[in-house]
Amino acid sequence: MNDWGRPLWIAHRGGGRAAPENTLAAIHAGAAAGFRMVEFDVMLSRDGVPVLIHDDTLERTTDGRGAVAAHDFAALRRLDAGSWHGPAFAGEAIPTLGEAIDLLIGLDLDANIEIKPAPGHARATGDTVARMVAARWPAGRTLPLFSSFDFDALDAARARAPEVPRGLLFEAVPDDWRTQMRALGAVSLHCDHSRLDAERLADIVGAGIPLLCYTVNQADRAAALIAAGVRGLFTDCLDLPGQVAGC
Ligand code: G3P
Ligand code: MG
C-alpha cells in the first residue's frame, strides 16, 4: 500500500474516460497518463472466476445480455467489452483479475481493487479475490488496497488475506463509520465527494483517517478537497492532476 503522500490520484475504473472501463486497455491508459494507481471493480462469473466489470448486468459495457453472475467465464470471455466506448476498442475482452494483476506488476502500478459482489455473493467474492491476490502478488511488492461497499465482502477478504489493507467504501458516510472501520480493521475510508459535507469531512480528516473521494472530475473541486485534507481522488479525467495547482 502507498504511503499516503498527498494527493494520491487514482484512475477510476482503470483509465477513466480514456478507454472502456475495467479493461486491460483502461489500465494501460491510466499508466500512460502517468497515474501511479488505478482502481477497478471485480465480480465473480457463475463458475467463480473473478473478472473486471462494474455493473451486475452486461448490457451497458458489453454486447452481452443478462446478469454477469448467470454466465460462466467462457461465455463472458467471448463478449466485446470495448465497442460501446468506440471502434478503436472493438473486441476488447473482459479481463480476469489474474490478468489485471499481471499487468499491474508489468506496468509497476499500485491498485485499489474494489470488490463488487453480485447480489448474494458477497463472501464468496471477497474470499476469491483475496485468495487470488494472496497467491499471485509478488512478495516484497506494495500490496493492493481492497475496498468494497459491502461489509461482508471485505470481512471475507480479511479472513482470507488479513495482510492486504482494506478501505471501507460508502456513498454517503454513515454515522457509525468509526465502528464499521474498527470492525473491519480498515485503513482508509472512501466516499462519494458529492455526498460529503464539510463537517463529516473534517471529522474524518481530524481523526487521522486517510479519506479518498470518488469521482472527482473538476479541478476546482479537487483543489478544495485536497486543501481540506482529502488524501486520494478517483477521477475519470486523466488530465485532471495537471490542472490542479501543486499536483
Ligand atoms: O471505488 C471508488 C468508486 O469506484 C466507487 O464507485 O460505482 O464507480 O465503483 P463505482
Ligand atoms: Mg469502483
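Ligand 1 is surrounded by His-12, Glu-39, Asp-41, His-54, Glu-114, Ser-147, Leu-169, His-190, Tyr-214 and Phe-234, a residue being near a molecule if its C-beta atom, placed from the backbone, lies within 6 Å of it. By class this shell has three nonpolar, four polar and three charged residues. Here Ala, Val, Leu, Ile, Met, Phe, Trp, Tyr, Cys and Pro count as nonpolar, Asp, Glu, Lys and Arg as charged, and the others, Gly among them, as polar.

The model is a predicted one, in which local features need pLDDT of at least 70 and side-chain atom pairs count only at pLDDT 80 or more, while totals for chains, interfaces and linings use all residues. Residues are numbered from 1 along each chain as its sequence is written, and chains are lettered from A and ligands numbered from 1 in the order in which they are written.

An unreviewed UniProt entry places the feature "domain: GP-PDE" at residues 7-245; UniProt positions are given in the numbering used here, feature names are shortened, and annotations may be inferred rather than shown by experiment. Over residues 7-245 the chain is 33% helix and 18% strand, with the end C-alpha atoms 11 Å apart. Helices (H or I, at least four residues) and strands (E, at least two) are DSSP runs, numbered from the N terminus.

Strand 2, residues 37-44, holds Glu-39 and Asp-41 on one side, together with Met-37 and Met-43.

Strand 1 (residues 8-11) pairs with strand 2 in the parallel sense over two bridges, and Ala-11 has Val-38 as its bridge partner. Strand 4 (residues 110-115) is also parallel to strand 2 and is joined to it by six bridges; there Ala-111 stands opposite Val-38. Strand 3 (residues 50-52) runs antiparallel to strand 2 over three bridges, with Val-51 as the partner of Met-43. These two strands form a hairpin with five residues between them, and Gly-48 in the turn has a positive phi of about 85°.

Val-38 and Val-42 are also among the residues with the most contacts inside the largest nonpolar core, which has 72 residues. Such a core is a set of buried Ala, Val, Leu, Ile, Met, Phe, Trp, Tyr and Cys residues joined through C-beta atoms within 7 Å. Val-129 is another of these residues. Neighbours within four places in sequence aside, Val-129 is in contact with Val-42, Pro-50, Leu-97, Ile-113, Ile-115 and Ala-157, contact meaning C-beta atoms, placed from the backbone, within 7 Å.

Between strand 1 and helix 1 (24-32) lies a loop that contains Arg-13 and Asn-22. Most residues other than glycine have a negative phi. Arg-13 has a positive phi near 55°, as does Asn-22. Arg-13 counts as buried because it has 27 C-beta neighbours inside 10 Å.

Helix 1 is largely enclosed by the rest of the structure, because seven of its nine residues are buried. The buried residues of helix 1 pack against strand 1, strand 2 and helix 3 (97-107). Just after helix 1, Gly-34 takes a positive phi of about 100°.

Key. A residue is buried if 20 or more other C-beta atoms lie within 10 Å of its own, exposed if 12 or fewer, and partly exposed in between; C-beta atoms are placed from the backbone. Two strands pair if DSSP finds at least two bridges between them. Two residues are in contact if their C-beta atoms, placed from the backbone, lie within 7 Å.
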